Structures are given as structure tokens and as C-alpha cells.
Amino acid sequence: MRFVHESHAQRVHFAPGSAADALAGEIERLGARRVMVIASPSAGAVADRITAGLPVALRHDEVVMHVPTEVAARARKAAARAEADAVVSVGGGSATGLAKAVALTTGLPVVAVPTTYAGSEATAVWGTTEGSRKTTGTDPRVLPAAVVYDAGLTLSLPVAMSVASGLNAVAHCVDSMWSPGSDPIDRALATEGLAALAGGLPLVAAEPSGLKGRELVLYGAYVAAVAFSSAGSGLHHKICHVLGGAYRLPHAQTHAVVLPHVLALNAPYAPEAETRLARAFESGSSLTGLADLRRAVRAPRSLRDLGFARADIPAAAELILPVVPPDNPAPVTRAVLERLLSAAWNGDDLA
Ligand code: NAD
């Protein structure tokens, strides 16, 4: 057993019903006196409530998915004008992503209050988009200094979005099994994360206003993202990155649709991953485990439903091929990718 595992230093609160207190404690620890709060208009009321006791210098509400470069530039300018000394983000991966973009060029510390299960708050990965080109990078400055999870803040996330976002977290676990940087610690975390997600998501779908499922999914999403942050992007994330960037498909839903097809391709070539995933799903195989979970939560089915055109499959396969990780468990050719995308477009049942 020979590997190097790098952990990130980050304080994490699981504080149901107590986001305001946890947030105030973190801002005090940072010694911040002029806080920039990033929250989309839809998260405005929640952000107002949990930041009421903070020294807020600026509220910024221009939050756009995949952080267009001009949106990032405006946020950075606003932070400079307000002489902000810390950033608090309240929202999903898009709000966290904008806070990271500000941190990237200003070095300001970020405290993230996530309201979806995207997991961006646990990674040092930033991303911005220019036109249809998404650029990503890794920089320790963008990793939030602290994260405050309050499951109560996810109660308002609609069931369909909760399911898609939760399956995005499941994808972090699955890809962490075979991503280029995957090590035994990542795989242990991914197994733990998947067990929590597989247990919690059906509870969220059945009773969206219940806290128990929300708490489990939030915990699973965090552990999943910690694993993924170390393991890096595997085939699944490479495919979704191309589909999201070049074809503007919605992030979480695309992950939810593509995942079973990547699992079906790789699992036969990855016996250790198969054993771990099947155990976490408490199922005879990873594929049936994922299929049963998807049925229980009525997961999004097909790329067709997300607005992807069948005619774009060959071009998409062409874009994905050069970014396929060379050590992906299953061999990947253009024909394999076209078959995978066709099955995902169609929403084929795999188990
Ligand atoms: P999002 O942040 O865009 O949120 C999706 C929708 O849900 C939005 O309309 C938002 O207003 C709404 N919403 C969020 N929280 C809510 C709540 N509690 N109640 C009601 N509505 C709520 O989407 P996302 O899936 O969370 O994040 C996607 C973005 O995050 C993408 O840009 C993706 O690339 C990025 N991401 C980055 C990483 C990383 O490691 N850097 C990891 C995962 C995702």
C-alpha cells in the first residue's frame, strides 16, 4: 500500500437550527469587520435572517450558475469597493462558486452556508465560464475556511432539485472510487458518504419536510465532497463537465442522468469499487443498488428530457474523448462514448 493523501484544513459545523450562531462564531474567529454576503435573491430572506448579527458591509445577489467571468468580475469589484475582509455565501454550488471566484483573486476568507447537496464548499476547485467554455482550477485560497451546515435551510429545496443534487453527491462517491487521484482514504470516505446518501435520499423524497433525511443527505454530501476533492475527476465528471459546458445542461440533473451509465461501464472492471459500492447501497450489486435508489426517488431519466439533442452525440463524444482519464477502469473509445451517451439520451434501464 503506497499512496500520499492530502487533507484540507477546514472547520465544519453541523448545526441544525443554529446557522446564525455558528456563522457569528466563525466571523468572530476570523476577526472580520466588513463582511460581503453572497446570496441569490431566492436565498435572500434566509441570508438576511442568518447574517443579521454580522458586520455586513455588502449584500451581493448576482448569482449565476457556472460563474460567468463578467459576473465574477463584478463581484470582485464590489468586494473591493466595500473593502470587504471576509465573504459569506448562502446558497447552492452557484453561490459558493461565486464566493470562491472572489477568494481566488482577493485571498479573502470564505465561510460557506450551503443550501443544496452540491458539495463545492468542501473542495479547493474553482470554476468560471466564458461563453460556452468552462475553466476550472485548484487553488487552496478558494477552499472555504469554514462551512456551516444547517439542514433546516435545505427544507425549502424542492424535491426534484433535492433528488438531483443528492445524486450529484452520489456521483462524487462513485467517481472517487476510480478517479486518477483516488486513494484508500478517499474510497473509505466515499463508501461512508454513499451509505448516508442512499439512506437519506429516499427519506427526503418521501417526506421533504422531515429533518432526518435532510441531515443524512447533507452529511453524506459533505463526506462525498471531501473524498472527491482528494480523488479528483474521473470519467463521470469529465463527461458531465463537457455536457454542462458545451451544451449548457443543468449541473445536478446531468450528473443524475449520466451516473448509471458510467457505473455500468466501469463496475465490471473495478472489483474493489463494486464491492464497496454494493455494500454501501446494501444491494447485491452497485447497479441494482443505484437503480433501486433512482426508482425510489424518481430520479431524472434521460438527457433527452434535459434538452440535449440526439444529433449532438457524435460531437459530444469527440469532445469527451481527449479528457478521458488514461487509467479509467474500462477501456474507452469514441464508439463506447457514443453508446454511453445514446443510452443516457434514451434513459435506458440498466438494472
Ligand atoms: P445552484 O446553486 O444553481 O442551485 C440550484 C437551484 O436551487 C437555484 O435555482 C437555487 O436558487 C435553488 N436553491 C438553492 N438552495 C435552495 C433552497 N434551500 N431552497 C430553495 N431553492 C434553493 O445549483 P447546485 O447544483 O447547488 O450547484 C451547481 C454549481 O456548483 C455548478 O456551477 C457546478 O459546477 C458547481 N459545483 C462545483 C463544485 C466544485 O467542487 N467546485 C462541486 C459541485 C458543484
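Predicted model: local features only at pLDDT ≥ 70, side-chain atom pairs only at ≥ 80, totals over all residues.

1. Residues are numbered from 1 along each chain as its sequence is written, and side-chain values use heavy atoms, leaving out hydrogens and water.

2. Around the ligand there are 20 residues, counted when a heavy atom lies within 4 Å of it. Ser 94, Thr 115, Thr 116, Thr 123 and Lys 134 come nearest. The shell holds seven nonpolar, eleven polar and two charged residues (Ala, Val, Leu, Ile, Met, Phe, Trp, Tyr, Cys and Pro count as nonpolar, Asp, Glu, Lys and Arg as charged, the others, Gly among them, as polar).

3. A polar side-chain atom of Thr 123 is 2.6 Å from a ligand oxygen. A polar backbone atom of Gly 93 lies 2.8 Å from an oxygen atom of the ligand. A side-chain N or O atom of Ser 156 is 2.8 Å from a ligand nitrogen.

4. Domain 1 (11-154) and domain 2 (159-346) each give at least three residues to the shell; the bounds come from an automatic or database domain assignment.

5. Strand β4 (residues 86-91) is largely enclosed by the rest of the structure, because six of its six residues are buried (under 20% relative accessible area, 1.4 Å probe, protein chains only). Ala 86, Val 88 and Val 90 cover one side, with Val 87, Ser 89 and Gly 91 on the other.

Key. Polar contact = N/O pair within 3.5 Å; in protein donor to acceptor, adjacent residues only side chain to side chain. Buried < 20%, exposed > 50% of the residue type's maximum accessible area, 1.4 Å probe, protein only. Helix = DSSP H or I, 4+ residues; strand = E, 2+ residues; numbered from the N terminus.
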